[in-house]
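Here are some friendly notes to read alongside the model. Please keep the viewer open as you go through the points.

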Amino acid sequence: MLKEHFLISGLAGKKKLTGTVSIPGAKNAALKAMAASILFKDEVNITNVPNIEDVSRTADLLTELGAKVALRGHSCRIATNDIHSTDLASEISKRLRASIVFAGPLMGRFGKVSFPHPGGCVIGERPIDLFLEGFQKMGAKLSVENEGERTRYMLRVTGKKLRGTELFFRIQSVTGTETFMMAGVLADGETIIKNAALEPEITALAQFLNACGARIEGAGTTTICVKGGGLLSSRGGKFEIPPDRIDAGSFLILAALAGKDMEITNCNPAHLESLIDLLRSSGSAVSVGKNYLRVRDIPGMKNKKPHAINVKTHEYPGFPTDLQAPLVVYLSQAAGESMVFETIFEGRLNYTESLRRMGADIVMMDPHRVIVKGPTALSGKDLESPDLRAGLAFVIAAVIAKGDSVIHNVYNIDRGYERIEERLRAIGVSIERVSILD
C-alpha cells in the first residue's frame with residue numbers, strides 16, 4: 001500500500017513568502033453540481049472543477065450508478081441518461097460526506113435511493129435525521145437494513161413522485177439545503193425550505209439550475225421556494241464553479257503569518273468578509289481588490305506580532321468552521337489570550353493537542369472552547385492529519401515552525417486542496433511529497 005507524507009522545513013517565524021497563489025474552484029460547489037447532473041436530460045458541462053480527491057470519488061460514485069463521466073483537467077462532462085442504479089456504493093460513500101446530496105436528485109428523478117451512513121472527516125456527530133425526516137415529509141417511505149457493522153437506508157416514494165412540502169431546519173444545514181433544493185426541482189408542487197443555509201455555493205448552484213429550467217427563488221436567504229417541474233436541460237451551457245473561499249482563506253491566514261508580499265488571486269473577497277475583518281482587527285494588513293487579496297510588509301510594522309482576538313464560528317456569513325483550525329495557528333502567534341468558540345462541530349478542536357506538542361499554548365476548556373495564549377514559537381514535529389481542515393492547519397503550523405515537520409495521512413489534505421505542495425513551493429515554502437510502500 002502506498003502511503004504519502006509531506007516533509008516541510010519551517011521558516012522559524014520569519015516572513016519570507018512571496019509571490020502569487022491562484023485559487024481553484026470550490027470543492028463544496030463542485031461536488032453538488034456533479035450530483036445535480038442527475039436532474040438533467042442532456043449532458044452537463046462543469047468548468048473550473050478542482051483537481052482533488054473528493055471530486056474523483058464523486059465521479060466514481062456517478063459512474064457506479066451508470067452515468068458517463070469525463071474528467072479532463074478542470075472540466076467535467078456528465079451524462080446521466082443511462083443511470084441503471086439508485087444504490088450508492090458503500091465503499092465510496094463511507095469516504096465522502098457529500099454523498100448524501102445524491103439522495104435529492106435520485107429521489108426526485110427515480111423516486112428511490114439507498115445509501116449507507118455517509119463518511120468524510122471525523123469531526124463530531126453528523127446526524128442524518130434531517131434528511132430522513134425531510135424525505136418522509138415529501139412522501140417517501142423509509143426502511144433500514146444493517147450491512148454488518150454499517151447501516152443502510154432505503155427511501156422510496158409511495159406515490160408517483162416526491163410531493164412538495166414545507167421543511168423547517170432546526171439547525172441550518174448547507175448539505176440539507178442543497179439536497180432538498182435539488183429534490184424539489186422534480187417534485188410535484190412547491191417545496192419550501194425555511195431556515196435555509198446562506199452559503200454562496202448554494203446561490204451559485206441555484207442560479208445554474210434556474211438557467212437550465214428550474215424554478216428556485218430565495219437562494220441566499222433563509223427561505224427558499226422550489227416549484228417542481230420536468231427534467232432540466234443545459235442546452236450546451238456551462239456551470240463555472242465559483243472560487244473556493246476556504247482555500248483562499250487558508251492561504252490568506254498563511255500570508256498573514258509568513259508573507260513578505262503575497263497575493264491571492266482568482267478569489268472573491270466578498271465571501272471572506274468575516275476572516276478579513278478578524279485579521280485586520282488583530283493587526284494584520286490585508287489589501288482587498290475586486291478578485292484578489294494581498295498581504296505585505298509595511299514600513300514600521302516589520303516583525304510586529306498580531307494581537308489576540310476572540311473568535312466564534314457561525315454559519316455563513318459568520319466565521320466559517322472550516323477556517324477555525326488555521327486561525328488557531330494564527331492566534332498561537334498573536335500577543336495575548338484568545339478564546340475560540342467552535343459552535344458547529346463538537347469534535348473539531350481535538351487537533352489542538354498536536355499543536356500543543358509543537359509548542360502552542362492552548363488550553364481546552366470543553367469540547368467547544370479553547371484558550372490560545374501567544375505568541376509562542378513552534379517547533380517541527382511528526383503529525384498525523386486527522387481531517388481535511390486540521391491537516392491544512394498542520395501544514396501552516398509546519399511552515400512557520402522552527403525545524404522540520406512530517407505531516408502524515410496527506411490523503412485527507414488532498415481531498416480538498418488542489419496541488420497544495422506545488423502552490424506552496426511557488427511562494428517559497430520548502431515542502432516535499434514523499435511516497436513510501438507500506
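1. How many disulfides does a search of the whole structure find? The search finds zero, where a disulfide is a pair of cysteine sulfur atoms within 2.5 Å. Cys-76 is in no disulfide, and the nearest cysteine sulfur, that of Cys-212, is 15 Å away. Cys-76 has a relative accessible area of 0%, and Cys-212 has one of 6%.

2. A word on how to read the model. This is a predicted model, in which local features need pLDDT of at least 70 and side-chain atom pairs count only at pLDDT 80 or more, while totals for chains, interfaces and linings use all residues. Residues are numbered from 1 along each chain as its sequence is written, and side-chain values use heavy atoms, with hydrogens and water left out.

3. On confidence, pLDDT is the predictor's own score for each residue, from 0 to 100. The protein chain averages 94, and 96% of the residues score at least 70. Please take care over residues 120-126, where the pLDDT is below 50; beyond near neighbours in sequence, this stretch has 21 contacts in the model (contact means heavy atoms within 4.5 Å). Where pLDDT is low, the predicted coordinates should not be read in detail.

4. Seven aromatic pairs turn up in a search of the whole structure. Rings of Phe, Tyr and Trp (its six-membered ring) pair if their centres lie within 6.5 Å; planes under 30 degrees apart count as stacked, over 60 as edge-to-face and the rest as tilted. Phe-115 and Tyr-153 have ring centres 5.6 Å apart and planes at 35°, so this pair is tilted. Because Phe-115 lies in strand β6 (residues 112-116) and Tyr-153 in strand β8 (residues 150-157), the pair ties together parts that are 38 residues apart in sequence. Phe-115 is buried at 2% relative accessible area, and Tyr-153 is buried at 12%. One aromatic cluster is formed by Phe-131, Phe-135, Phe-169 and Phe-180.

5. Next, an open sheet. Helices (H or I, at least four residues) and strands (E, at least two) are DSSP runs, numbered from the N terminus, and two strands pair if DSSP finds at least two bridges between them. Four strands follow the order β21-β22-β1-β23, with mixed pairing. β21 (382-384) and β23 (430-437) are at the edges with a single partner strand each, so one side of each has no neighbour in the sheet. Strand β1 (residues 2-9) runs antiparallel to β22 (residues 404-408), joined by four bridges, and Leu-7 has Val-406 as its bridge partner in β22.

6. Strand β20 (residues 369-374) is worth a look too. Six bridges join β20 to the antiparallel strand β18 (residues 336-341), and five join β20 to β19 (residues 361-366), again antiparallel. Lys-373 in β20 stands opposite Glu-337 and is also the bridge partner of Asp-361. β19 and β20 form a hairpin with two residues between them.

7. Which residues of helix α9 (residues 273-281) are buried? They are Ser-274, Leu-275, Ile-276, Leu-278 and Leu-279. Their cover includes α8 (245-258), β16 (292-296) and α10 (324-331). Just after α9, Gly-283 takes a positive phi of about 110°.

Notes
Buried means under 20% relative accessible area, exposed over 50%, partly exposed in between (1.4 Å probe, protein chains only).
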